Amino acid sequence: MAEESEPFDRRAEFVRKLALETRISEAQVRELIAMVGYDYASIVREARMLKKGQT
């Protein structure tokens, strides 16, 4: 019997990738996406500002 795999979720993978790359939580990435949309450069910029404010 063939095992059914879950469909690939591009948005979830995008969130995971950005969380690892920017070292912020996935929840924080989702919040940034809600604010600026799925524009990669904008999210990275906002994540950097967020990290800078945490230190």
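This is a predicted model: local features need pLDDT of at least 70, side-chain atom pairs count only at pLDDT 80 or more; totals for chains, interfaces and linings use all residues.
Figure 1. A side-chain oxygen of D9 lies within 3.2 Å of the backbone nitrogen of R11, at the point where helix 1 begins. Helix 1 itself covers residues 10–22, 13 residues in total. From its first C-alpha to its last, helix 1 spans 18 Å, which is close to the 18 Å expected at 1.5 Å a residue.

**Figure 2. The buried and exposed sides of helix 1.** Five residues are named here as buried in helix 1: F14, V15, L18, A19 and T22. Viewed down the helix axis, the buried residues of helix 1 fall within an arc of 130°, and they therefore line one face of the helix. An α-helix has 3.6 residues a turn, so residues three or four places apart point the same way. The face turned away from the buried side of helix 1 carries R10 and L20, both exposed. Helix 2 (26–36) and helix 3 (40–54) are the elements against which the buried residues of helix 1 pack.

**Figure 3. The largest nonpolar core.** Eleven residues form this core: F14, V15, L18, A19, I24, V29, L32, I33, I43, V44 and A47. Helix 1, helix 2 and helix 3 are the elements that each give two or more residues to the core. The largest share, four residues, comes from helix 1.

**Figure 4. The surroundings of I43.** Leaving aside residues up to four places away in sequence, I43 touches F14, L18, L32, I33, V36, G37 and Y38.

**Figure 5. The aromatic pair of F14 and Y38.** The model has one aromatic pair. The ring centres of F14 and Y38 are 5.7 Å apart and the ring planes stand at 45°, so the pair is tilted. The pair links distant parts of the chain, with F14 in helix 1 and Y38 in the loop between helix 2 and helix 3, 24 residues apart. F14 is buried, whereas Y38, at 42% relative accessibility, counts as partly exposed.

**Figure 6. R23, the residue that follows helix 1.** R23 is placed in the loop between helix 1 and helix 2. Although R23 is not a glycine, its phi is positive, at about 60°. Most residues other than glycine have a negative phi. With a relative accessibility of 67%, R23 counts as exposed.

Technical notes. Residues are numbered from 1 along each chain as its sequence is written. Side-chain values use heavy atoms; hydrogens and water are left out. The expected span of a helix is 1.5 Å times one less than its number of residues. Buried means under 20% relative accessible area, exposed over 50%, partly exposed in between (1.4 Å probe, protein chains only). The arc is that of the directions from the helix axis to the C-beta atoms. Contact means heavy atoms within 4.5 Å. A polar contact is a pair of N or O atoms within 3.5 Å; within protein, one must be able to donate a hydrogen and the other to accept it, and residues adjacent in sequence count only if both atoms are side-chain atoms. Rings of Phe, Tyr and Trp (its six-membered ring) pair if their centres lie within 6.5 Å; planes under 30 degrees apart count as stacked, over 60 as edge-to-face and the rest as tilted. A nonpolar core is a set of buried Ala, Val, Leu, Ile, Met, Phe, Trp, Tyr and Cys residues joined through side-chain atoms within 4.5 Å.
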